[in-house]
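Below are some comments on the charged side-chain pairs in this model. Please read them with the coordinates open.

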Amino acid sequence: MTVAGLQLSAPSAHGQGQVLLSSVKSSLFSGAPLRFSLPTSGREPFTRKQLVVFARRLSGLEEAMRIKRERESQQLTPKVKRRPPLRRGRVSPELPVPDHIPRPPYVGSSELPEIASELQIPGSQGIADMRAACELAARVLDSAGKLVRPSITTNEIDKAVHQMIIDAGAYPSPLGYGGFPKSVCTSVNECMCHGIPDSRQLQSGDIINIDVTVYLNVTEECLERGIAVCKDGASFKKIGKRIRQ
């Protein structure tokens, strides 16, 4: 509270003076200025010493009220429990991928693949392949997001994502990329990206990012069309022709 000053009026006929407390931006004394009546000896005005003592008493009252408000505010404000730092859980072995699913060229090597220096402009078939891969990744990501809840582990999310991807005939791109041991990236809280799924259970209030990427080749469609030609008496030539088309 800011006190602008104390003003003393002339003694009245009843032997009392009026002390005016004028306040600016006061949260304690709001509204009109307050007046305090102080007794005086006869008709003599207040001494400087009396005014100093009175001002100190008011200052002490203001400080006491401020301390009281602070204590009440601390009692009403709930204490925020600090979340412990993220700790790595146990990482299980990588999951197997069926042999018939095509592998990216980096699988089996701990080195990261080099980025092509030339500009890559996909043709109509390339765009169609990209669209198919993106649609699959979007479906898997949507399903993975529905699994997120307290008590589930990121390892369980990895297993579900892995199974969905290989069931669609695709390869989970993170698996084996530069030695990455899992099929999806799960980044929790202060782990910014490329988090490795482990045995840690998600807790209420956690923030998780799930990164799904797939390597999808059109060989699955070729396989299905080749199988459709197979029947008693069908020549291998027909099967090869259908796959080539």
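1. Lys 146 has a relative accessibility of 65% and is therefore classed as exposed, since the cut-off for that class is over 50%. The model is a predicted one, and the value is computed from it.

2. The side chain of Lys 146 meets that of Asp 142 in a salt bridge, with an N to O distance of 3.4 Å. Asp 142 has a relative accessibility of 45%, so it counts as partly exposed. Both residues belong to helix 2 (residues 124-147), where a spacing of four residues puts about one helical turn between them.

3. Helix 1 (residues 48-76) holds another pair, Arg 66 and Glu 70, which are four residues apart, or about one turn of the helix. These two form a salt bridge, and their closest N and O atoms are 2.5 Å apart. Arg 66 is partly exposed at 32% relative accessibility. Glu 70 is also partly exposed, with a relative accessible area of 39%.

4. The salt bridge between Asp 206 and Arg 200 has its closest N and O atoms 3.1 Å apart.

5. On the total: the count of salt bridges comes to four. The pairs discussed in this note are among them, including Asp 142 with Lys 146, Glu 70 with Arg 66 and Asp 206 with Arg 200.

How values were computed. Residues numbered from 1 in each chain as written. Predicted model: local features only at pLDDT ≥ 70, side-chain atom pairs only at ≥ 80, totals over all residues. Heavy atoms only, no water. Helix = DSSP H or I, 4+ residues; strand = E, 2+ residues; numbered from the N terminus. Buried < 20%, exposed > 50% of the residue type's maximum accessible area, 1.4 Å probe, protein only.
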